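Subject: Structure handover

Hello,

Here is the structure I said I would pass on. My notes on what was found in it follow below.

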Amino acid sequence: MTSSIPAEGTRTAQGTAPAHRVRSIRGTTPQAVLLDMDGTLVDTEGFWWAAEVSVFAEFGHELTEEQRQVVVGGPMSRSAAYLIATTGADIGLPELTVRLNTRFEELVDGDVPLMPGARRLLTELAAHDVPTALVSASHRRIIDRVLRSLGHEFHLSVAGDEIPRTKPHPDPYLHAAAALGADPRHCAVIEDTMTGVTAAEAAGCAVVAVPSVAPIEPAPGRHLVRSLTEVDLPFLRSVVERLH
């Protein structure tokens with residue numbers, strides 16, 4: 001797998017896209033493609049669950065599939081708080097967050113596996129100069145690790161620990177669109193969980209759902225596909241155009 005450090009043009013949630021990039025996307029369809037990370041581009045949902053199971057086992061608690069369905073796709077703060085509340089584990093949220101992130105990195109231990117079709121889609125978007133943003137509920141330390149394995153230079157990346165409200169609130173997608181100079185209504189979002197879909201739809205974006213661990217129900221304006229192998233630029237264009 002090709003490894004690539006994000007280029008100078010890449011920005012974190014605190015940054016903005018260069019002025020020439022903002023001007024170049026006006027009038028294009030889609031104006032930008034905003035992508036979730038875990039379970040959407042990289043096959044890491046299983047690693048996150050393994051990290052959670054492992055850490056809570058150290059406290060004598062066995063996590064259940066029902067709990068997994070609740071935490072999948074959620075921000076670290078919400079998922080960790082929920083697991084503490086439902087298990088009664090004797091650990092504070094800050095310490096648990098550090099342990100989960102560290103255990104996840106230990107389990108991944110190198111390049112992260114890409115979801116089917118992810119490499120081809122990112123290559124196609126880059127070839128057509130479509131602005132892209134990585135919008136994740138994961139923390140910056142995890143995003144930066146994954147970015148080095150993706151081999152794609154995103155124009156922007158937004159981490160869950162960099163903004164006051166993350167998914168399922170619309171804020172991450174509104175921020176990403178604004179930083180790229182794009183209208184959220186003319187952006188395509190690709191997500192794998194209901195938490196992310198809710199955030200993207202609340203932001204007014206056109207949504208492509210690629211369910212990973214938990215099912216996502218059909219809804220008006222929501223486009224469900226089985227994998228990223230079914231997604232290409234013409235498809236994303238049609239999704240945005242149908243929104244209007």
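Over which residues does pLDDT stay under 50, with 34 contacts beyond four places in sequence in the model? The stretch is residues 1–12. Here pLDDT is the predictor's confidence in each residue, from 0 to 100, and a contact means heavy atoms within 4.5 Å. Residues 18–24 also have a pLDDT below 50, and the model gives this stretch nine contacts beyond near neighbours in sequence. Where pLDDT is low, the predicted coordinates should not be read in detail. For the protein chain, the mean pLDDT is 87, and 88% of the residues reach 70 or more.

Some ground rules. This is a predicted model, in which local features need pLDDT of at least 70 and side-chain atom pairs count only at pLDDT 80 or more, while totals for chains, interfaces and linings use all residues. Residues are numbered from 1 along each chain as its sequence is written, and side-chain values use heavy atoms, with hydrogens and water left out.

Helix packing

Helices (H or I, at least four residues) and strands (E, at least two) are DSSP runs, numbered from the N terminus. Axes are lines fitted to C-alpha atoms, for helices over the stretch in contact, and angles run from 0 to 180 degrees between N-to-C directions. Angles under 35 degrees count as roughly parallel, over 145 as roughly antiparallel, 65 to 115 as roughly perpendicular and the rest as oblique.

Helix α5 (residues 93–108) takes part in two of the contacts described here. With helix α7 (residues 140–150), its axis comes within 10 Å and crosses at roughly 15 degrees, so α5 and α7 are roughly parallel to each other. On the α5 side the contact involves Val98, Asn101, Thr102, Phe104, Glu105 and Val108, which meet Arg141, Ile142 and Arg145 of α7. By type, these residues are four nonpolar, two polar and three charged. In this count, Ala, Val, Leu, Ile, Met, Phe, Trp, Tyr, Cys and Pro are nonpolar, Asp, Glu, Lys and Arg are charged, and the others, Gly among them, are polar.

Helix α4 (residues 76–87) packs on α5 at about 110 degrees, with the axes 10 Å apart; α4 and α5 are therefore roughly perpendicular to each other. Met76, Ser77, Ala80, Ala81 and Ile84 of α4 meet Leu93, Leu96, Thr97, Leu100 and Asn101 of α5. That contact has seven nonpolar residues, three polar and no charged.

Helix α6 (residues 118–127) and helix α10 (residues 233–243) have axes 10 Å apart at an angle of about 75 degrees, so they too are roughly perpendicular to each other. Leu121, Glu124 and Leu125 of α6 make the contact with Leu233, Pro234 and Leu236 of α10, a set of five nonpolar residues, no polar and one charged.

Loops and salt bridges

The whole structure has 14 salt bridges, each a side-chain nitrogen of Lys or Arg within 4 Å of a carboxyl oxygen of Asp or Glu. One of them joins Asp36 and Lys167, whose closest N and O atoms are 2.9 Å apart. Asp36 is in the loop between β1 (32–35) and α2 (45–57) and Lys167 in the loop between β3 (156–158) and α8 (171–180), so the pair ties together parts 131 residues apart in sequence.

Lys167 is also joined to Pro168 by a cis peptide bond, with omega about 15 degrees. Asp129, in the loop between α6 and β2 (132–135), has a positive phi, near 55 degrees. Most residues other than glycine have a negative phi, and most peptide bonds are trans.

Regards
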